[in-house]
Amino acid sequence: MLSCKELTEQAGDYLGKQLPLSKTLQLKMHLLLCRHCRRYLKQLRTTIYMVKMTPNTISDEKAKQIVDNLFDHYTQNQTK
Amino acid sequence: MSHKPLPDDEQLISGLLKKDQATYIIVVKHYQYIMVNLARSIIGDAFAEEVVQESWLSMAKGLDKFERRSSFKTWLMRIVANAAKSRLRRESRQLHLGEYTLDDSPLINPQRFNSQGHWQSPPSRWESDDPETLLSSQQLGDCLEKTIEKLPHQQRTALDMYEQQELPSQEICNLLDISESNLRVLLHRARNRIRNMIEIFHQEGTC
């Protein structure tokens, strides 16, 4: 039977749906029997959603600064 | 904490072509962070900001020639990746590639498994499995941002492009010059580091 450690190593391929069928079945069988690994996988999925919800934009002020700078450069380049 | 959606490509491109400052600000606000991360994962910290600055200029100059065979986002990311790769070729003698050392730290502390590889210190329960409930804690939100910030560059870029920008895996692999299985490893490592942090946060109230 698949060990818990092996499951944690294969979980990335499992979530990416890239695990061969036989390994997927082994992993699912393990999950049926192991509540710790069910919790681990659930937490990994929760983590993914949390990452999706984390802002990764810059502030309006910083964006404006970059745009002003870009417009200056662009105008200089156009007039050359 | 959710993102304000961007206008669709047609609207964006039309605003950018008119040199509309508000559209530029929206685009820069949305993409600057991922562009810097992408540049860092190719060339490291030293030249990343410069490469991104050049890329914005190339975007502004080249937009009227953009043939729309890909999304605007993909096109923009390719500009950054190409600029970073060409800068890397020019500067390769000056760069020390400490950034690129392999992350071979264990996904989970090996002492948490017994000799048969089964949990002896199993994952501890979190206060909720619901991401929104968890993120209602400002402190955990801050820890999450800090942990993402500290990820090795390639892991952070892979995570950002895959989970947040939702770029197709094939495109991410092309941008970073990695295989699909490398990408899965990067994502899995990044997610595990974050899961480990959340677990510690629940045990210790800090990260």
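Guide: We can start with T23(B), which lies in helix α2 of chain B. Keep in mind that this is a predicted model.

Visitor: Why does T23(B) count as partly exposed?

Guide: A residue is buried with 20 or more other C-beta atoms within 10 Å of its own, and exposed with 12 or fewer. T23(B) has 19 C-beta neighbours inside 10 Å, so T23(B) counts as partly exposed.

Visitor: Which residues does T23(B) touch, not counting residues up to four places away in sequence?

Guide: T23(B) touches L12(B), G15(B) and L16(B). By contrast, R125(B) is 102 residues from T23(B) in sequence and 45 Å from T23(B) in space, C-alpha to C-alpha.

Visitor: What makes Q32(B) partly exposed?

Guide: Q32(B) is also found in helix α2 of chain B. The cut-off for buried is 20 or more neighbours. Q32(B) has 19 C-beta neighbours inside 10 Å, and therefore counts as partly exposed.

Visitor: Which residues does Q32(B) touch, leaving out those up to four places away in sequence?

Guide: They are I58(A), A63(A) and I66(A), together with V52(B).

Visitor: How do you know whether S14(B) is buried or exposed?

Guide: S14(B) is found in helix α1 of chain B. Exposed means 12 or fewer neighbours. S14(B) has 12 C-beta neighbours inside 10 Å, so S14(B) counts as exposed. The C-alpha atoms of S14(B) and D64(B) are separated by 9.8 Å, and the two residues are 50 apart along the chain.

Visitor: Why are α2(B) and α7(B) called oblique to each other?

Guide: Helix α2 (residues 21-43) and helix α7 (residues 153-164) of chain B pack at an angle of about 140 degrees. Over 145 degrees would count as roughly antiparallel, and 65 to 115 as roughly perpendicular. The two helices are therefore oblique to each other. Their axes are 8 Å apart, and the crossing is left-handed.

Visitor: Which residues make the contact of α2(B) with α7(B)?

Guide: From α2(B) come I34(B), N37(B), L38(B), R40(B) and S41(B), and from α7(B) come H153(B), Q154(B), R156(B), T157(B), D160(B) and M161(B). By class, that contact has three nonpolar, five polar and three charged residues.

Visitor: What can be said of α1(A) and α3(A)?

Guide: Their axes cross at roughly 35 degrees and come within 11 Å. The crossing is right-handed. On the α1(A) side, C4(A), L7(A), T8(A), A11(A) and L15(A) take part, and they meet H36(A), C37(A), Y40(A), L41(A) and L44(A) in α3(A). By class, this contact has eight nonpolar and two polar residues, with no charged residues.

Visitor: How do you know that the span of helix α4 of chain B is close to the expected one?

Guide: Helix α4 (residues 72-91) has 20 residues, and 28 Å is expected at 1.5 Å a residue. From its first C-alpha to its last, the helix reaches 28 Å, which is close to that value.

Visitor: Which residues of α4(B) are buried, and what covers them?

Guide: The buried residues are F72(B), K73(B), L76(B), M77(B), I79(B), V80(B), A81(B), A83(B), A84(B) and R87(B). Their cover includes α1 (9-17), α2, α3 (45-62) and α8 (169-176) of chain B.

Visitor: How many helices and strands does chain B have?

Guide: Chain B comes to nine helices and zero strands. Of its 207 residues, 35% count as buried. Its C-alpha atoms fill a box of roughly 60 × 40 × 25 Å along the principal axes. Among contacts in chain B with a separation of 6 or more, 66% are between residues 24 or more positions apart.

Visitor: How many residues does each chain give to the contact between chain A and chain B?

Guide: Chain A gives 38 residues and chain B gives 44. On the chain A side, α1 (4-15), α3 (35-53) and α4 (60-79) each supply at least two residues. The largest share of that side, 14 residues, comes from α3(A). By class, the chain A side divides into 16 nonpolar, 13 polar and nine charged residues.

Key:
Residues numbered from 1 in each chain as written. Chains lettered and ligands numbered in written order. Predicted model: local features only at pLDDT ≥ 70, side-chain atom pairs only at ≥ 80, totals over all residues. Axes fitted to C-alpha atoms, helices over the stretch in contact; angles between N-to-C directions. Helix = DSSP H or I, 4+ residues; strand = E, 2+ residues; numbered from the N terminus. Parallel < 35°, antiparallel > 145°, perpendicular 65-115°, else oblique. Left-handed = near helix turned anticlockwise from the far one by under 90°. Contact = placed C-beta atoms within 7 Å. Nonpolar A, V, L, I, M, F, W, Y, C, P; charged D, E, K, R; others polar. Expected span 1.5 Å × (residues − 1).
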